[in-house]
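Subject: Structure for your review

Dear colleague,

Please find the sequence and the structure below. My notes on what was found follow directly after them.

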Amino acid sequence: MNKRLNIVLALLIAASLVLSACGASGPAECTDDLGCVEYGPDDPIRIASALVITGANAELGLDSQHGVEIAIDMRGPVAGHSVELQAEDDGCNAEGGQAAGQKIVSDPSIVAVVGTSCSGAGVPMSKVISDAGYVMVSPSNTAPSLTDPNEAWNPGYLRTAHNDKVQGAAIAQFAHDELGLTTAAAIHDGDPYTEGLANVFRESFEGMGGTVVAFTAVSKGDTDMRPVLTAVAASEGGAPEFLFFPVFTAECAFLAKQSKEVAGLENTVIAAADGCVSDAAAEAIGDAGEGMYFSGPDLSFSGDTYVTFKEKYNTLFGSDPISVFHAHAFDATNMIFDCIEQVGVSSDDGSLSVGRQAMRSCLYATSGFQGITGTLTCDQYGDCADPKISVSQLQGGEYVRIWP
Amino acid sequence: MQRRLQNINYLDVVLWLIRVAIIVFVLWGTIATLRENPYSSRNWIDFIVLGIAQGSMYALIAIGYTLVYGVLFMINFAHGEFFMSGIMTATVFIAGPLDASGYMNKHPILSLLLILLVAMLTSVGVALLTERVAYRPLRKAPRLVPLITAIGASFFLQYTFRGLYGSEVKPFPVINILSGKIPFLGTEILRSQMVVIVVTIFMLIGLYLFIMRSKTGKAIRAVAEDKDVAALMGIDVDRTIAITFALGASMAGAAGVLYALVFRQVHFFMGFLPGLKAFTAAVLGGIGSIPGAAIGGLFLGIFESVGPPLFLDGLNVPAYHQLKDVITFTLLVLILIFRPQGILGERLGEKKA
């Protein structure tokens, strides 16, 4: 009796397994090497963002996230589906990038990622995302190592932000040729972005015939910068004429304020980079930053799209863009949408299947893409930007573009 | 002889080797730096003064850890948040508006006193509330429970204040009479740092006298000695513990104002690292001892400032300022190896713990 019941049960289970297996195989057979993302007829397409949206650098990430949201809003349906954004926080550090990456790859309905904000978060996340077969496009990572195959490059990583090889060379050229200064010092905070940029600056400045008298670092979270500034002022080659510290808001503000108070640095020209360009940063630096220089992507965009974009930004978020990488995020999102439309396979019932490898190949093949930030063409390691760097100066609490 | 050799534990040998290695390393670095001598004596005085100013803040915060540990044997990890809450509130509601209206530079002393008062009162309020809600119900619980609660309270307070005031870095206004430098020992020091050092000295002396001379101070010492007996002597233990928290928090509130004067920006996360450093300072000086907390704070501040250039510059370590925490915490380990009770601490195990 018991035995017979067992057999019946076993048969039932086997039958249900076979039936459910039949049900799972969709109408379009997925042949993609990395698998496919399947959306039902009424499912929204899901993309994720992983930007710094809390903490001292929140404006940097929120600004980019607004760019993504505007792109979704202005684009309307993609391949006949609405788009849903899953917003994660990269925390602007390696742990945050790792955590956000793990969370994203555990969700099979996410087709692509816009992120990260900080290069420090980008390094681990690029690995996590790539290993899982996903793809990410960063609107604001600028560290050279991220697209260097000998360092932190991974096959699922692209970016619409400039590579700091360009920015470091530009600020060095500005200091050496435009301001006519011959000695400089650079301070970074160990983050791949800041260290990479400071390194490129040093190489370029020395390449132009200048002398870098000090190259040192602080730690994230440091408040008392006077010891390191005192050491810079006492360097062997004398106090530098130009001091470049491409660090983030809090440390940048501390360095800007305290450099004026250190003996020997009173007449040193100080400069920071795009990690310290936001309304909040200008407010945090205050009067001490009057006349200070900032390098960053050239935001004097032209074109009708940017006009519409800014209007949308004002309607949705009640202000002009608050930081630098909103347009890069907008372009990154639209690159992703273009590729979904190119490689997505729609079925008669309206369901959509997007191959992950196809998605990657399509993004890497982006060429002549007309975005707000320029004409984007991706190289074989995911550098897609059309980089234009400008230098602005803080005048009365406003960033005023002065060069080139 | 052979028996004595057998008694030597391998672990002891390894520990001794580590100690010797650290000391050799430090001496080697120091000698190398002094031989090259890239810094003038004026630089060294600068480093030391910077260290004393930073250390004064650690000392004031460390007092809170030590006081609470003294009465409850509990590490109050939310103490850094008491420090943050006071100055954040004072910056947003007092310093910002006063500066915008121009009152700050017309009546700087009055404005500063008002900022100090608001910061201290807010810190005390937050501390009393935390003590009542999060710690008092757990007084009879095992020791680990309040410790974990304190960590939770710390996060809760951080994110509450982030919710209240926003996550951006807020500037603290420049006060004209405190900007600029004054001559001191052949160099110049910032007026704000001078204020920090002077105010800290007065507050520490005041606190010491309060604990040692006043009736409430006596009650605090009695509760620290033995809660049950103190209760039998007619001391209201709960009230005394609340007063202890308030005292520690008022010191932290004052430290917050000094921090803002020197660094001129505040942020919801600003309490975390100084809190951790001040805890280290309290342990370094001997937790439970008030002079110990003061000395531990100064020691830590000076080592953070002088240590990296003195020990590492001569060894040609690149970007050695990043390693200042390594130096300070190595120092902590060294001191605790040689003196587990801290510089001025009493031996645990006799009457406490």
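Cys252(A) has a relative accessibility of 0% and therefore counts as buried; the term means under 20% relative accessible area, while exposed means over 50% and partly exposed lies in between, with a 1.4 Å probe and protein chains only. Its partner in a disulfide is Cys276(A), with 2.1 Å from S to S, where a disulfide is a pair of cysteine sulfur atoms within 2.5 Å. Cys276(A) is likewise buried, because its relative accessibility is 0%. The torsion about the S-S bond of Cys252(A) and Cys276(A) is about -80°, so this disulfide is left-handed. Cys252(A) lies in helix 8 (residues 249-259) of chain A and Cys276(A) in the loop between strand 10 (269-272) and helix 9 (279-285) of chain A, so the bond ties together parts that are 24 residues apart in sequence. Helices (H or I, at least four residues) and strands (E, at least two) are DSSP runs, numbered from the N terminus.

Before going further, please note that this is a predicted model, in which local features need pLDDT of at least 70 and side-chain atom pairs count only at pLDDT 80 or more, while totals for chains, interfaces and linings use all residues. Residues are numbered from 1 along each chain as its sequence is written, chains are lettered from A and ligands numbered from 1 in the order in which they are written, and side-chain values use heavy atoms, with hydrogens and water left out.

**The other disulfides**

How many disulfides are there over all chains? The count comes to five. In chain A, with bonded cysteines counted along the chain, the pattern is 1-2, 3-4, 5-6, 7-8, 9-10.

One of them joins Cys30(A) and Cys36(A), whose sulfur atoms are 2.0 Å apart. This link is right-handed, with 85° about the S-S bond. Cys30(A) counts as partly exposed because its relative accessibility is 31%, and Cys36(A) is partly exposed at 22%.

Another disulfide is formed by Cys378(A) and Cys384(A), with 2.1 Å between the sulfur atoms. The torsion about its S-S bond is about 105°, so this disulfide is right-handed. Both Cys378(A) and Cys384(A) are buried.

**Salt bridges**

Side chains of opposite charge can pair when their charged atoms come close. A salt bridge is counted here when a side-chain nitrogen of Lys or Arg is within 4 Å of a carboxyl oxygen of Asp or Glu. Over all chains, the structure holds 20 salt bridges.

Which residue of chain B meets Asp222(A) in a salt bridge? The partner is Lys324(B), at 3.4 Å from N to O. This pair crosses between chains: Asp222(A) is in the loop between strand 8 (211-217) and helix 7 (226-233) of chain A, and Lys324(B) is in helix 14 (residues 324-338) of chain B. Asp222(A) is buried at 7% relative accessibility, and Lys324(B) is buried at 9%.

Arg264(B) and Glu261(A) also meet in a salt bridge, at 3.0 Å from N to O. Arg264(B) lies in the loop between helix 11 (237-263) and strand 4 (265-266) of chain B and Glu261(A) in the loop between helix 8 and strand 10 of chain A, so the pair joins two chains. Arg264(B) is buried, with a relative accessible area of 13%, and Glu261(A) is buried at 16%. These two residues belong to a network of salt bridges that links Asp224(A), Arg226(A), Glu261(A) and Arg264(B).

Within chain A, Arg401(A) forms a salt bridge with Asp298(A), the closest N and O atoms being 2.8 Å apart. The two are 103 residues apart: Arg401(A) is in strand 17 (residues 398-403), and Asp298(A) is in the loop between strand 11 (293-297) and helix 10 (304-317). Arg401(A) is partly exposed at 41% relative accessibility, whereas Asp298(A) is buried at 12%.

**The sheet of chain A**

Seven strands of chain A form an open sheet with mixed pairing, in the order 8-7-9-10-11-16-17; two strands pair if DSSP finds at least two bridges between them. Strand 8 and strand 17 are the edge strands, each pairing on one side only. Strand 11 and strand 16 (residues 389-395) run antiparallel and are joined by five bridges. Ser295(A) has Val391(A), in strand 16, as its bridge partner.
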